[in-house]
Amino acid sequence: MAPGLRSVAWMILSVGVAIFVCTRVLKKLMQKQGEQDHDHNASQLANQKNPSSPRATKSTLPQAMPPQSSWSAAVFEAIEWRRFEAVCEGLFAQAGFQTKAQSHGADGGVDIWLYSQHAPGPVSVVQCKHWRGKLVGVKQMREFFGVMTANQILRGTFVTSSTFSHDAQQFAQSNGINALDISRLLALIATRTADQQNALLKIAYEGEYWRPTCASCGIKVVARTPGKGGADFWGCSNYPRCKAIIPMAATNA
Ligand SMILES: [Zn+2]
């Protein structure tokens, strides 16, 4: 072979090898990029599924009790106070009242105002206490009666997920207050149609039904870890403007 031809052959071979190597390297690079994209997408997906901060997803978060398909005391156990109020409001709306909830801030001792088409102004008021394992006493009942009197309302309803002390019940009876404890509340719900009961269940389990609401701001609280160690607690997401905290034990009982 002539020297000129040989060098041309070498050149063709070198270019061929170079192209081959470049293609392999490019292929590898693209594969790697693809993997990275996948990882990126996966982590994005994970973030979408769990939008709260890592701190709020700690394993110490109280576990939500799964929704029940029918009414029982377990429903009230699983839900936070704001959902309880919403169920009470739904119950009165089903009875034909127009309702106005006043569930956070300075509520003046009234949680729900009830209106009728046939009368101007509120016709009745409702007080809700979503308490667990603590009796509602005569003190709370007297305060509620004070609110009724101040608003010139003759009939009020006091609803609780707990029960009333004996003197609270007596006070209610002699002052036009309908006292609904958990068993009377469940009995009342049981008188409703299946559709109405399901509608109330839907209200109970709406959104993050287990996560408490800040009583001052009306927004959901978030899980916080004390900087100096100790038990996690629920804190208002308006912190530092709102310093309200709720111990997790109180909501996880
Ligand atoms: Zn707050």
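Colleague: Which are the buried residues of helix 5?

Modeller: This is a predicted model, in which local features need pLDDT of at least 70 and side-chain atom pairs count only at pLDDT 80 or more, while totals for chains, interfaces and linings use all residues. Residues are numbered from 1 along each chain as its sequence is written. A residue is buried if 20 or more other C-beta atoms, placed from the backbone, lie within 10 Å of its own, exposed if 12 or fewer, and partly exposed in between. Helices (H or I, at least four residues) and strands (E, at least two) are DSSP runs, numbered from the N terminus. In helix 5 (residues 166–173), Ala 168, Phe 171 and Ala 172 are buried.

Colleague: What do the buried residues of helix 5 pack against?

Modeller: Contact requires C-beta atoms, placed from the backbone, to lie within 7 Å. The buried residues of helix 5 pack against helix 4 (138–150), strand 4 (156–160) and strand 5 (177–180).

Colleague: What is the order of the strands in the open sheet?

Modeller: Two strands pair if DSSP finds at least two bridges between them. The open sheet has 5 strands in the order 1-2-3-4-5, with mixed pairing. Its edge strands, strand 1 (98–101) and strand 5, each pair on one side only. Strand 1 runs antiparallel to strand 2 (residues 112–115), and 4 bridges join them. Ala 101 stands opposite Ile 112 in strand 2.

Colleague: At what angle do helix 3 and helix 7 pack?

Modeller: Two packed helices are described by the angle between their axes and the distance between the axes. Axes are lines fitted to C-alpha atoms, for helices over the stretch in contact, and angles run from 0 to 180 degrees between N-to-C directions. Helix 3 (residues 81–94) and helix 7 (residues 194–204) pack at about 155 degrees, with their axes 8 Å apart. That makes helix 3 roughly antiparallel to helix 7, a term for angles over 145 degrees. Among the residues that meet are Val 87 and Leu 91 in helix 3, and Leu 200 and Ile 203 in helix 7.

How values were computed. Two residues are in contact if their C-beta atoms, placed from the backbone, lie within 7 Å. Angles under 35 degrees count as roughly parallel, over 145 as roughly antiparallel, 65 to 115 as roughly perpendicular and the rest as oblique.
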